[in-house]
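Hello,

Here is the structure I promised to pass on to you. Have a look at it first, and my notes on what turned up follow below.

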Amino acid sequence: MQLLSEVRVEHRELLPDAARHLGWIGDTAFAGCDDGSVMALDNHQSSLCVHRLSDPVTALAASGELLAVGALDGSAIVIARPGDSARFDLGVAVRGAAITGDRAVFAAGTDLCVRRGAEHDAVPLGIGPLTALTRVEGNLVIAGGVKGAAWFDVSLLAYDGRIELPTIIATSTDPKRRFVAAGDLGGSVHVLRSGADEASELTGYPDRVALLDWLATGAGLCASADDELTVWRATDDGLEEPEPVRLLGHEQAITALAASPTIDLVATGDAGGNVCVWSPLSLDAPVAELRVDGVVLAIAWSRNGHELLISASTGELLRCAVMPGSIA
Amino acid sequence: MTNGDRTSPRTDLVRVTVVAGGPESTLLATRLATGLSTCSTPERVGVIAEVHSPQPNASVSWITVAAIEGERTEGCPCCRSRLDVISSIRLLLERPHPVDRIVVLVESSRDVSTVTQTVLSDPDLQRLVELDAVIVTVDAVALATRLAVEMPFAGALELQRLAVADRILVSRADELTDDALGRVMRSVRTVNRFGIIAAPAILPLDIGALVDLHAWHGAPMVGPANASEPLLVAPDDELPMTVRCEVEGALDSNAIDEWFDCLIAQHGVRLLRLQGAVVVVGEDHRVCCHGVRSYASSHSEVEHLPQHRSTQSLVVVVGYRLDAQSLRSSFLAALHD
């Protein structure tokens, strides 16, 4: 079992505007800002604007060598590597982005837009205006919309399942590929099995569940609504009900949440600038904390779980080293 | 009161003005934002709209959230409107140089109640903004024409926004005869019993008459002057109605809580607006309440300036198919013995 002993700020950077969307490709961190700029931050170097969209960035996904970014006005760009980018217009606000292999996928309006090189396909998902998008595995993604959720194979451009649910606003895939969790506008989490047409519902949240993520081992699901943070333990049969563990540490609304991709740690940030790192299966209190000025807008772990990227409403971007520890 | 109780004053909240109506509302929102950003004490103003700014102005942060084609049939515009309002307000305020004031422009095809309920009830917005007022525009010429054929209002959405408006600006009033304008004004008053109705084409309005109204914060102004006989007569389920409940004296805490709970439980989906201030036994100051649909919250009148305080208990309820007699009698029954 590993518990965190320290989160150390290695680098601070003042971006041209607040960044709500973060991602990593290798050692390079990317930030999508409210002024439309897409910033790249190499290891401990000053940030560099790699592209500028014409409206606030509303979605960003990074994986492999691909970076996909979408904006409020529907403009979008896929960057394969420096100097190799394709910009296009989706016509309506981009609400989600995902990468599957060599394809960039965007949720825009009621359509899922799949971009591969210069090829472009747009498919209506039939779940109303889309609100969330996550890669499940391989070429499979799941999109959330105001009428439910739909699995979609982006290589076949075909549905793999669809389920009617209340308005979904966040989705997250279990690393063991057993489940997808979806948070809704009314304050519930729906746990779906891939391709299945039914879901179990976890209720009791004080407001919409906009932030949720699975622990790296798939042993639990963290979800937050307002200032409440919970973790549901998971088995192959589903989530252990009826009560989740409540994690106590935030006094203001939680505004960012991200689980480490390598160990069972979760980082959360709130509207008061408090950042907590949790080992939620072991302790219901933070194992490390730090503060930033302003509202914490986004958090992203590096692929190896050694670094944490934190952005705040002041435009500040923190790159932190994570030093795992052990129980004293 | 059911939810959202607040005890301490908030002075750091950015005020939100909701502007709704026909095509003239876009012009109003533009002028309002431009006027506030260029006046003697200029403010940074943000506008949230489905359309692009007709007069781009570098001093106004205009956020366009375009409508989605096919949405009417494929999705739920109410949920999308709610999400758009939340994300847009956060976008204007959670950044290095936030705006000082926000104008939300609601298209005629959108439901104003969804926007007001979201601004009042969403936890993210509760820590950021305060709903200042709802300003609605109506085209006098179009309304007069429809009155002539006894179909005065364009539909339920227009009725709803008129019913909850704090200011109603009747445009093109100078193009009507006095008689026709009188009929227009009285028909609007039939639907809205407490807002101020103005005709700027005849009597120009200062921008100060439209902002910093705190209209959703204390007890609404509902005077005898607004209690004119309705011009329009229609079945109760077609026109929104306003029920005014008032009493002198302190109310029993449990009884008034129960009254609010019953009101929301029985009328929740039909409530367009709930607002008032009540004297409660054991409280030093009146308790102010406001709500939309099934959402309601309260705060102490200690937040208000002394000249705005009173010893009267007054609650105004706007909605469809309200049982006025029953609401008033049960409100009176909450009086402390």
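Let me begin with a turn in chain A. In the hairpin of β7(A) and β8(A), three residues lie between the strands, and A:G74 takes a positive phi near 95 degrees. Before going further, the conventions: this is a predicted model, in which local features need pLDDT of at least 70 and side-chain atom pairs count only at pLDDT 80 or more, while totals for chains, interfaces and linings use all residues. Residues are numbered from 1 along each chain as its sequence is written, and chains are lettered from A and ligands numbered from 1 in the order in which they are written. Helices (H or I, at least four residues) and strands (E, at least two) are DSSP runs, numbered from the N terminus.

**The hairpins of chain A**

Strand β7 (residues 66–71) of chain A runs antiparallel to β8(A), and four bridges join them; two strands count as paired if DSSP finds at least two bridges between them. Along this pairing, A:V69 stands opposite A:I77 in β8(A). On its way to strand β9 (residues 84–89) of chain A, β8(A) makes another hairpin, with two residues between the strands and a positive phi of about 90 degrees at A:G83 in the turn. Six bridges hold that antiparallel pair, β8(A) and β9(A), and A:R81 stands opposite A:D84 in β9(A). Strand β8 (residues 75–81) of chain A is mostly covered, with five of its seven residues buried. Here buried stands for 20 or more other C-beta atoms within 10 Å of a residue's own, exposed for 12 or fewer, and partly exposed for anything in between, with C-beta atoms placed from the backbone.

Strand β5 (residues 129–139) of chain B pairs with β6(B) in the parallel sense over five bridges, and B:T137 stands opposite B:L169 in β6(B). Strand β7 (residues 196–198) of chain B is also parallel to β6(B), through three bridges, with B:R167 opposite B:I196 in β7(B).

β6(B), helix α8 (residues 178–191) of chain B and β7(B) make a right-handed β-α-β unit; right-handed says that, with the strands pointing away from the viewer, the path from the first strand over the helix to the second runs clockwise. With 14 residues, α8(B) reaches 20 Å from its first C-alpha to its last, close to the 20 Å expected at 1.5 Å a residue (the expected span is 1.5 Å times one less than the number of residues). Its buried residues include B:L181, B:V184, B:M185 and B:V188. The buried residues of α8(B) pack against β5, α6 (140–148), α7, β6 and β7 of chain B, where contact is taken as C-beta atoms, placed from the backbone, within 7 Å.

One residue of helix α6 of chain B is B:A144. Why is B:A144 called buried? Because 22 other C-beta atoms lie within 10 Å. Leaving out residues up to four places away in sequence, B:A144 touches B:L176, B:A180, B:R183 and B:V184.

**Domains and the chain contact**

Chain B is assigned domain 1 (14–222) and domain 2 (241–332), with bounds from an automatic or database domain assignment. Their centres, taken over C-alpha atoms, are 25 Å apart. The contact takes 16 residues from domain 1 of chain B and 19 residues from domain 2 of chain B. On the domain 1 side, α4 (112–121) and α7 of chain B are the elements that give two or more residues, and α4(B) gives the most, with five residues. Helix α7 (residues 156–164) of chain B is itself mostly covered, with seven of its nine residues buried.

Finally, the contact between the chains takes 20 residues from chain B and 27 residues from chain A. On the chain B side, α2 (71–74), α3 (77–93) and α5 (123–126) each give two or more residues, and α3(B) gives the most, with four residues.

Best wishes

Methods. Two residues are in contact if their C-beta atoms, placed from the backbone, lie within 7 Å.
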